[in-house]
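Here are a few notes to read alongside the coordinates, in the order I would look at things.

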Amino acid sequence: MKNYIEQHKDRFINELLELLRIPSVSADAAFKGDVVKAAEYLKEKLAEAGADNAQLFETAGNPIVYADKIIDPALPTVLVYGHYDVQPADPYELWDSPPFEPVIKDGNIYARGACDDKGQTYMHVKAFETMMQQNSLPCNVKFMIEGEEEVGSVNLATFVKENKARLQADIIVISDTGMLANDIPSVTSGLRGLSYHEVEVTGPNRDLHSGLYGGAVANPINILCKLIASLHDENNHITIPGFYDKVEELSQEERVEMARAPFSLDAYKAALDLPDVHGEAGYSTMERNSIRPTLDVNGIWGGYTGEGAKTVIPSKAYAKISMRLVPHQTSEEISELFQKHFESIAPPSVKVVVKPHHGGEPVVTPTTSAGYQAAAKAMEDTFGKKPVPVRSGGSIPIVAMFKSELGIDTVLMGFGLDSDAIHSPNEHFGVFNFMKGIETIPLFYKHFAQLHGRS
């Protein structure tokens, strides 16, 4: 199998570069044609790799790519999930090379979507091709690759509900996460949930002259800044009443185990060009970004921001605010708490509207499960060492949805790195990581078929 992968390495990479040239930005309607083009490309490549029933399922938004290979209904089935849509590439001027003209430099593939998630999704297509060509597929496989992950997977739940029989499987595998390092493999054992909102603060019915009205009416930007500042106390503890009521507190033993994962605070600060870290008192950096909930402002705007000066008191000010959640918190409950609190602390001189956006639930995957064990054994085979279980600070809301709608657990076996700059200019994915994923995924199938047979 390794020989086949090595022989076709250049072709595998070139096919990925073709996919990366398609600007499948789901957040911008101007790219709608390119989004569909990326879906068509994946459908064709799955069919060429040997999949049956390769097709596009239309949704109210972007199409979902589906394909399968059922070699024996008595064997276990793996459902592969990925996404072909990408984040907007703005600001383009901060890229060292055009985001949709991929280049390979210093062992990395630079392009929007290289790691998140085209590169990681395409590993599965090529791993499947390899197993088909080597006649070594040990179980059934189904592919479901969507085009709206970066905008909240708004139509995926509907597709899943309408296709429960088609999507039945024994495990779902997702490669949309990362590893600690290329020499320190890891498997993600948990994800944080998400509660996302936009807030609007309105003062006067129009922009006002700041000389004639300044000091006499509320400035929505000033008020918004005060409201946001009040959401954390001096220990960076979130001040929303009831916010921590259901937060899971890990035992000291669990925290010690987590601390064994290699981490250099100095290297972390250097990589981000930070003078120091910042976060909730009483917790380490690794704990703050994984097992603790957070509240962050993702964007804030209002008033005049053009060149030069315009002395106005704006009529409105806006902010986008997200909260990452941990086990036992729910996006619905936290959304209600946030909205109630934010509206209650606003002064009577302004009007406040809180608009909920998408949310998702936190997930923990037991390290004793067959899916996790299969991923761990596969990585140990290819990396030569046991992977470390890691709680991720990110959110993949569809994991909880898969469990509730299909009753299927998910294993998160990612090959990206924190340094891959996903969602940022100069996103990249290592050629090593891409090829190592193609080598490892067939072993996951092998181990899962064996472990499932014992359960």
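**Notes on a buried threonine and some helix packing**

1. Let us start with Thr-365, which counts as buried because its relative accessibility is 9%, below the 20% cut-off for that class. Please keep in mind that this is a predicted model.

2. Where does Thr-365 sit in the chain? Its place is the loop that runs between β15 (363–364) and α12 (370–383). Setting aside neighbours within four places in sequence, the residues in contact with Thr-365 are Ser-189, Tyr-372 and Thr-410. With Thr-410 there is a polar pairing to look at: a polar atom of the Thr-365 side chain lies 3.4 Å from the backbone oxygen of Thr-410.

3. The crossing of α2 past α4 is right-handed.

4. Which residues make up this contact? From α2 come Arg-11, Phe-12, Glu-15, Leu-16, Leu-19 and Leu-20, and they meet Lys-118, Gly-119, Tyr-122, Lys-126, Glu-129 and Thr-130 of α4. By class, the contact of α2 with α4 holds five nonpolar, two polar and five charged residues.

5. Helix α4 also packs against α3 (residues 32–49), with axes that come within 9 Å and cross at roughly 20 degrees. Because that angle is under 35 degrees, α3 counts as roughly parallel to α4. Here the crossing is left-handed.

6. On the α3 side, this contact uses Tyr-41, Leu-42, Lys-45, Leu-46 and Ala-49, while α4 supplies Tyr-122, Val-125, Phe-128, Glu-129 and Met-132. The make-up of the contact of α3 with α4 is eight nonpolar, no polar and two charged residues.

7. Finally, a look at helix α13 (residues 398–406). Which of its residues are buried? They are Ile-398, Val-399, Ala-400, Met-401, Phe-402 and Leu-406.

Methods
Residues numbered from 1 in each chain as written. Predicted model: local features only at pLDDT ≥ 70, side-chain atom pairs only at ≥ 80, totals over all residues. Heavy atoms only, no water. Helix = DSSP H or I, 4+ residues; strand = E, 2+ residues; numbered from the N terminus. Buried < 20%, exposed > 50% of the residue type's maximum accessible area, 1.4 Å probe, protein only. Polar contact = N/O pair within 3.5 Å; in protein donor to acceptor, adjacent residues only side chain to side chain. Contact = heavy atoms within 4.5 Å. Left-handed = near helix turned anticlockwise from the far one by under 90°. Nonpolar A, V, L, I, M, F, W, Y, C, P; charged D, E, K, R; others polar. Axes fitted to C-alpha atoms, helices over the stretch in contact; angles between N-to-C directions. Parallel < 35°, antiparallel > 145°, perpendicular 65-115°, else oblique.
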